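Hi,

Here is the structure for your files. Please open it alongside this note; my findings follow below.

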Amino acid sequence: MDTTARLRPVLRAALAFASLALAPFASLAAAPALAEDPIKIGSVVSATGPSAFLGDPEAKTLKLYVEELNKKGGLLGRPVELVLYDDGGDANKARTFATRLVEDDKVVAMVGGTSTGATMAMIPVFEEAGIPFVSLAGGIEIIEPVRAFVFKTPHTDKTACQKIFEDMKARGITKIGMISGTDGFGKSMRNQCLKVVGGYNITVLADETYGATDSDMTPQLNKIKNTAGVEAVLNPGFGQGPAIVTRNYAQLGLKLPLYQSHGVASKSFIELAGPAAEGVRLPAPAILVGDKLAAEDPQKAVVAGYKASYEKATGQSVSTFGGYGFDGIQLVTQAIDKAKSAEPKKIRDALEATKSYVGVTGVYSFSPTDHLGLGTDSFRMLEIRGGDWTLDAATR
């Protein structure tokens, strides 16, 4: 019986009991030709639950990459084993799994943390153990202040604010309204935007919020609509909220430019918002517009390769979130190869020394004072036209 057949019952059981957190979501077996002890890389993602649209492509990407890596001979002549747990969107479970990865599974590095909440819950575990942790979550607090063993692949909410305000300034917009979600992402991005907006000579004239379970944002949008002088609206938000905002925006007949965040940079947002999404602008990684990148763009080939591999294996479209996982596992495995060692401290040092790594999210260059390694130039400003992403000419 082949490896896949043997694993099917395990995978079914793991899915059935994921809410009880009894077993790893998946554990990849070593390629038969690799006889040495495996190099264990851990991961905790939200493959099920309310954040599954983020965590599911992350999990699939990580498994796919490790499978392909082992087919090519693994790392340092050893197979790589991915020990992957599903926290179901529960930060407390994430911390429990983090402890298990350190104490029982003996991983040498960690790639995961779908949400900022789960990541922050796990950070103390990996910092104390001295194991490098590459997070796939967005919050700036993950890497500010800099922690010795913690890195991340997604752009921060602060970087997204800066990219949006750069675009507004270039288009002559100086007065805006904001409507933000009160979830962790929306609250954090709102705060970051308010901190940096003054540097672009842009004034926030209206500042509204909505809850995670709200189904109608018309009252808040009406307040913005009736605020004299507003020239554009920005919606720092995540999940279904921004799609509701976008639909309500169209229903009210608002004709002002509407900006969304990178938190909705997936095709599912366009599908949820429907025709109302037409004209919405947002910053996003190159992965969403890989086919529209210029031939000389250094990310074009990387994005095309990941897209082809992922879509062939899963039958699903790529997303920015799976891309975060791809960059995370690539950064870790390249650090192991560069260090010629699976010793956590040496992996950490090699990660921090990474320069000009071309990923699907951006081109990363870490330093002792920067464990993100991305600037606003790694974002592309997109606009939704005809139910699809279009790439602003200035960001090609």
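In this predicted model, α3 passes α4 in a right-handed crossing. Helix α3 covers residues 91-103, and helix α4 covers residues 116-129. Their axes come within 8 Å and cross at roughly 25°. Angles under 35 degrees count as roughly parallel, so α3 and α4 are roughly parallel to each other.

Which residues make the contact? From α3 come Ala91, Ala94, Arg95, Ala98, Thr99, Leu101 and Val102. They meet Gly117, Ala118, Ala121, Met122, Pro124, Val125, Phe126 and Ala129 in α4. By class, the residues of this contact divide into 12 nonpolar, two polar and one charged. Arg95 of α3 is the charged one.

Now the disulfide. The structure holds one. Cys161 and Cys193 form it, with their sulfur atoms 2.0 Å apart. The angle about the S-S bond is -90°, and the link of Cys161 and Cys193 is left-handed.

Where do the two cysteines sit? Cys161 lies in helix α5 (residues 157-170), and Cys193 lies in helix α6 (residues 184-196). The pair therefore ties together parts that are 32 residues apart in sequence.

Are these cysteines buried or exposed? Cys161 is buried, and Cys193 is buried too.

In short, there are two things to look at: the right-handed crossing of α3 and α4, and the disulfide of Cys161 and Cys193.

Best wishes

Note on methods: Residues are numbered from 1 along each chain as its sequence is written. This is a predicted model: local features need pLDDT of at least 70, side-chain atom pairs count only at pLDDT 80 or more; totals for chains, interfaces and linings use all residues. Side-chain values use heavy atoms; hydrogens and water are left out. Axes are lines fitted to C-alpha atoms, for helices over the stretch in contact, and angles run from 0 to 180 degrees between N-to-C directions. Helices (H or I, at least four residues) and strands (E, at least two) are DSSP runs, numbered from the N terminus. Angles under 35 degrees count as roughly parallel, over 145 as roughly antiparallel, 65 to 115 as roughly perpendicular and the rest as oblique. A crossing is left-handed if the near helix is turned anticlockwise from the far one by less than a right angle, and right-handed if clockwise. Contact means heavy atoms within 4.5 Å. A disulfide is a pair of cysteine sulfur atoms within 2.5 Å. Buried means under 20% relative accessible area, exposed over 50%, partly exposed in between (1.4 Å probe, protein chains only).
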